[in-house]
Amino acid sequence: MTNSEAEKIIERLKNGCGQHRFDESGVWKEYYRFLLKCNYTAMDEAVSEALEQDSRFAPAISALSKLYREAKNTRRTDVIKNEKYCPVCDDKGFGFVTKKEAMGNYVYVLYCPFCEKGKSFAYDGRECKDKSLYHVEPLTKYYSEVEIKEMRQANLERWEKREEREAIAMEGVIEKIGVRI
Ligand SMILES: [Zn+2]
């Protein structure tokens with residue numbers, strides 16, 4: 001997470017817990033250092049969980065770390081759904097790009113920055129203090145505005161057809177069971 005995200009988490013812990021020692025600069029720094037290595041969304045969930053369990057005292061880093069790992073493991077991207085259909089990625093949350101490299105062509109996964117599901121795939125290891133190589137880039141980095149518009153249009157057309165098909169299929173089901181609307 002970024003510096004400001006780490007501050008947000010510490011602020012949540014300060015406000016949410018009856019007792020904390022964040023006013024001591026050594027304590028504050030230690031939490032800060034730990035938080036910078038973590039993913040913000042998962043940590044935010046871990047804090048919610050910690051506060052739910054016991055909001056009298058600020059959770060120790062060890063307790064927070066455990067809850068964080070749990071939150072990270074249970075955060076499955078397929079659980080996150082878009083409220084509104086995203087025509088850029090067809091609600092998948094990601095797309096691909098083929099890059100030519102010395103060893104041949106490589107296919108990379110890109111996240112869709114236009115929807116919630118897509119954003120759940122975004123992970124920037126470079127933001128963390130211990131530099132991670134794992135890094136997913138947004139579709140917009142490799143596709144131009146025009147190309148994205150084309151994707152959006154093509155998916156929207158397919159989606160409308162699918163909706164039609166589903167409506168027709170539904171009508172068939174309703175007829176079969178003898179109910180008319
Ligand atoms: Zn999308």
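Q: Where should I start, and which order do the elements of the chain follow from the N terminus?
A: Start by noting that this is a predicted model. The chain has 6 helices and 3 strands. Read from the N terminus, the elements run α-α-α-α-β-β-α-β-α.

Q: What percentage of the residues in the chain is buried?
A: Of the 181 residues in the chain, 18% are buried. As for contacts with a separation of 6 or more, 61% are between residues 24 or more positions apart.

Q: How are two packed helices described?
A: Two numbers are used: the angle between the axes and the distance between them. For helix H1 (residues 3-16) and helix H3 (residues 40-53), the axes come within 11 Å and cross at roughly 5°. An angle under 35 degrees counts as roughly parallel, and H1 and H3 are therefore roughly parallel to each other.

Q: Which residues make the contact of H1 with H3?
A: H1 contributes Glu5, Ile9, Arg12, Leu13 and Gly16, while H3 contributes Tyr40, Met43, Asp44, Val47 and Leu51. By class, 6 of the residues are nonpolar, 1 is polar and 3 are charged.

Q: At what angle do H3 and H4 pack?
A: H3 and H4 pack at about 120°, and their axes are 8 Å apart. That angle makes H3 oblique to H4. The crossing of H3 past H4 is right-handed. On the H3 side, the contact is made by Ala42, Met43, Glu45, Ala46, Glu49 and Ala50; on the H4 side, by Ala63, Leu64, Leu67, Tyr68, Ala71 and Lys72. This contact has 9 nonpolar residues, 3 charged ones and no polar ones.

Q: Is Glu70 buried, exposed or partly exposed?
A: To judge this, count the other C-beta atoms within 10 Å: 20 or more means buried, and 12 or fewer means exposed. Glu70 has 14, so Glu70 is partly exposed. Glu70 lies in helix H4 (residues 61-74). The C-alpha atoms of Glu70 and Ala46 are 7.9 Å apart, although 24 residues separate the two along the chain.

Q: In which sense do strands S1 and S2 pair?
A: Strand S1 (residues 94-101) and strand S2 (residues 104-111) pair in the antiparallel sense, over 8 bridges. The two strands form a hairpin with 2 residues between them. One of the bridges joins Glu101 to Gly104 in S2.

Notes
Residues are numbered from 1 along each chain as its sequence is written. This is a predicted model: local features need pLDDT of at least 70, side-chain atom pairs count only at pLDDT 80 or more; totals for chains, interfaces and linings use all residues. Helices (H or I, at least four residues) and strands (E, at least two) are DSSP runs, numbered from the N terminus. Axes are lines fitted to C-alpha atoms, for helices over the stretch in contact, and angles run from 0 to 180 degrees between N-to-C directions. Angles under 35 degrees count as roughly parallel, over 145 as roughly antiparallel, 65 to 115 as roughly perpendicular and the rest as oblique. A crossing is left-handed if the near helix is turned anticlockwise from the far one by less than a right angle, and right-handed if clockwise. Two residues are in contact if their C-beta atoms, placed from the backbone, lie within 7 Å. Ala, Val, Leu, Ile, Met, Phe, Trp, Tyr, Cys and Pro count as nonpolar, Asp, Glu, Lys and Arg as charged, and the others, Gly among them, as polar. Two strands pair if DSSP finds at least two bridges between them.
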